[in-house]
Number of protein chains: 2
Amino acid sequence: MVSSAIRELLKVTEQEGMISFAGGLPSPDCFPAGAIAEATEKVLATSAGKALQYGPTPGLMPLRELCAELLIGRGVRVGGDQVLITSGSQQALDVIGKLMIDPGDTVLVEEPTYLGALQAWRPYRPNCVTLPMDDDGLVVEALAERLANGLHAKFLYVVPNFQNPTGVSMSAARREALLDVAAQYGLPILEDDPYGELRYTGSTIPPLAALDIARHSQLRHVVYLSTFSKLLAPGLRVGWVTGPAWMLKRIEQVKEGLDLHTGTLSQAIAYEACRDGLLDRHIPVIRAVYGERRQVMLDALAASMPTGVRWTQPEGGMFLWCTLPDDVSSAEVFDRAIAQHVAFVPGTPFYANGGGDNTMRLNFSHSTPDQLRTGVARLAAAIA
Amino acid sequence: MVSSAIRELLKVTEQEGMISFAGGLPSPDCFPAGAIAEATEKVLATSAGKALQYGPTPGLMPLRELCAELLIGRGVRVGGDQVLITSGSQQALDVIGKLMIDPGDTVLVEEPTYLGALQAWRPYRPNCVTLPMDDDGLVVEALAERLANGLHAKFLYVVPNFQNPTGVSMSAARREALLDVAAQYGLPILEDDPYGELRYTGSTIPPLAALDIARHSQLRHVVYLSTFSKLLAPGLRVGWVTGPAWMLKRIEQVKEGLDLHTGTLSQAIAYEACRDGLLDRHIPVIRAVYGERRQVMLDALAASMPTGVRWTQPEGGMFLWCTLPDDVSSAEVFDRAIAQHVAFVPGTPFYANGGGDNTMRLNFSHSTPDQLRTGVARLAAAIA
């Protein structure tokens, strides 16, 4: 196991005066701190004995029911008993790796893909097979071809909405095609959806889990992960998972050995804060702030990037993805950028099997519009 | 992987009118709810942006330093940079299993031992070799003999203070002897100490970690785990670990893949609540309450248990251990006890390789003195 390149790198980016597009952080200005403080006060005044005690491994039932309501709002019709609370989505990634991956097993991932998933699974020694993406997300035809040629995989991992790291979303047509392929080959899909609610332009596309339920009246092929980290606050470490019943039972068993249960106080706070519809009021606030920042970054890139640099046009989320000319190394650009006091993440760690030396991930949620403009100008100068 | 026998069983014990000695719960009367509420209010008023944000994998440095002070108070002289925060001690057990155990590796455990450790490690497929205990804890001579005969083990897991499940403590002489053996054979020791501060009678015995440091000026053989769960509140899910530097580095790397970091808000609350010496004032309160309950249970057992039933005399912690006559099954007693509205945990799940059919674990921290008296009388009747 190796320490995450990103977290090592983040240490560099904490220098005074640095503008950082490197982290994956929500903006603290968008934390509903007042509502969380109020909720916490109420929880500790009315049910401290329960909120501070050990709790059930699957999570507090009122919170599970609240998550089910959120899921239903996304078209995923499940009940609270089909939702398990996890210590962030990261824990769900670890649990599923532990359950599903024996050494040498093939796991299918997008190229590039979320680094934290690769890191969670590395100890289980999977054989990661990468699948190409384009502006419509995962190229499902390429997946179908691999499976038709006899490739056997334990599961496919996808981030269909505003993917980390690229910001790209999978089109509705691709999602339907992907479910066809999953049904044909009995391929389990792990759908990670931390950013789905953070759409700033374009129309909502139903998650794979919603399409799976529409076809089978229950989750058959899709295990779906989400989290409060980007809607409420990541410091609570409260995520959730739903999926086929047999899978949830197994996840619960594994989770018990990991941490007994997710923090009871955090769960109680999340529930109390959200029970009166806070998210309906708060998500539009986040969308407005991040949507502006996204536009500022896109405009600044268009205004200043040298010819030959391309970037994605995310409709939501927190990241966009820059591709430099083939012969330009983003690791070299990184050193020059740091000297100019601007940071990003070179793209290579997001490639399960290497590559992407000319790519970089830019975060737009954590910097102010002024920082975004100044930072992009510095970055353009470093690249030039 | 199988669901924990205990947690399945706890569902039965939630019936109306049940007196339960089954759980491993601290008493909610002993949570410093007021201090926690005050700390939380302050954290969210002064540093919400940080307390609700993602945080560093090793934990918040002020809390790590506070844990180092607690450790120094126990004779374990380490700095904050040698402490990692975990999501309860349970997470440290999982991490260490993941780091150390390849399928078939021998892990040495006490017989009986903490069920949660067995459960955390089962997915890594260790060969658990059990070592006998007596009233002075682990029989170190038996360990030495096994090692002299060529047994190779990845590590030894011990709970030297008021062990879960037996309540027995390892004597000072045994601890010294154990460190001799560890040095002779290069055997790593995993010392789990959730209850060390909860002593109600007798004198403090230094943890193995303290003896290890006294010998080598640094932690060489011992990885030491502890937690706020029994001192503050388990619902926060904040534990900590210290050990040799190379080990801590590895633990940090693994933990990152598990949940990125332990909940920032929980950590900030634990720090803010404890920074002014709350534990110095609060631990005596817990000791007074649990100490009385321990005595009530011991007196009630002495007054009512049929001949042939033996039990341990713990000097601290939350549990004691009952041994029935050889031909009496505690599983059968369990059914009769439930019918009498009293619950306990049959001892078998604490045996890594089976056995202990005539044993039972009794928790005395979570019931009131009246419940303890009534419950023991019912239990005695069920056994009789």
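Select Phe162(B), in the loop between strand 6 (155-158) and helix 7 of chain B. In this predicted model, Phe162(B) has a positive phi of about 50°, although it is not a glycine. The residue is buried, with a relative accessible area of 1%.

Stay in chain B and select Arg237(B). Its place is the loop between strand 8 (222-227) and strand 9 (239-242) of chain B. Arg237(B) is not a glycine either, and its phi is positive, near 55°. With a relative accessible area of 4%, Arg237(B) is buried.

Next, show helix 6 (residues 140-148) and helix 7 (residues 172-185) of chain B. Their axes are 10 Å apart and meet at an angle of about 10°, so helix 6 of chain B runs roughly parallel to helix 7 of chain B. On the helix 6 side, select Val140(B), Glu141(B), Leu143(B), Ala144(B), Leu147(B) and Ala148(B). On the helix 7 side, the contact is made by Arg174(B), Ala177(B), Leu178(B), Val181(B) and Tyr185(B). Colour this contact by class to find nine nonpolar residues, two charged residues and no polar ones.

Move on to helix 11 (residues 278-304) of chain B and pick out His282(B). Which residues does His282(B) touch, not counting those up to four places away in sequence? They are Cys30(B), Phe31(B), Pro32(B) and Leu231(B). His282(B) is buried, with a relative accessible area of 7%.

Now turn to the cysteines. Over all chains, the search finds zero disulfides. Cys274(A) is in no disulfide, and the nearest cysteine sulfur, in Cys67(A), is 8.5 Å away. Cys274(A) is buried, at a relative accessible area of 7%. Cys67(B) is buried, with a relative accessible area of 0%.

Switch to chain A and select Pro112(A), in the loop between strand 3 (106-111) and helix 5 (115-121) of chain A. The peptide bond joining Glu111(A) and Pro112(A) is cis, with omega about 0°. A second stop of this kind is Pro165(A), in the loop between strand 6 (155-158) and helix 7 (172-185) of chain A. Here the bond from Asn164(A) to Pro165(A) is cis, and omega is near 20°.

Then select Asp94(A), in helix 4 (residues 88-100) of chain A. Is Asp94(A) buried or exposed? Asp94(A) is buried, with a relative accessible area of 0%. Leaving aside neighbours within four places in sequence, Asp94(A) is in contact with Ala120(A), Tyr124(A) and Leu258(A), and also with Lys98(B), Gly257(B) and Leu258(B) of the other chain.

Finally, show both chains together. A rotation of 180° with 0.0 Å of shift along its axis superposes chain A on chain B, with an RMSD of 0.0 Å. The two copies are therefore related as by a two-fold rotation axis. Both copies use the same surface, since 100% of the contact residues of chain A recur in chain B.

Key: Residues numbered from 1 in each chain as written. Chains lettered and ligands numbered in written order. Predicted model: local features only at pLDDT ≥ 70, side-chain atom pairs only at ≥ 80, totals over all residues. Heavy atoms only, no water. Disulfide = S-S within 2.5 Å. Buried < 20%, exposed > 50% of the residue type's maximum accessible area, 1.4 Å probe, protein only. Least-squares fit on C-alpha atoms with pLDDT ≥ 70 in both. Contact = heavy atoms within 4.5 Å. Axes fitted to C-alpha atoms, helices over the stretch in contact; angles between N-to-C directions. Helix = DSSP H or I, 4+ residues; strand = E, 2+ residues; numbered from the N terminus. Parallel < 35°, antiparallel > 145°, perpendicular 65-115°, else oblique. Nonpolar A, V, L, I, M, F, W, Y, C, P; charged D, E, K, R; others polar.
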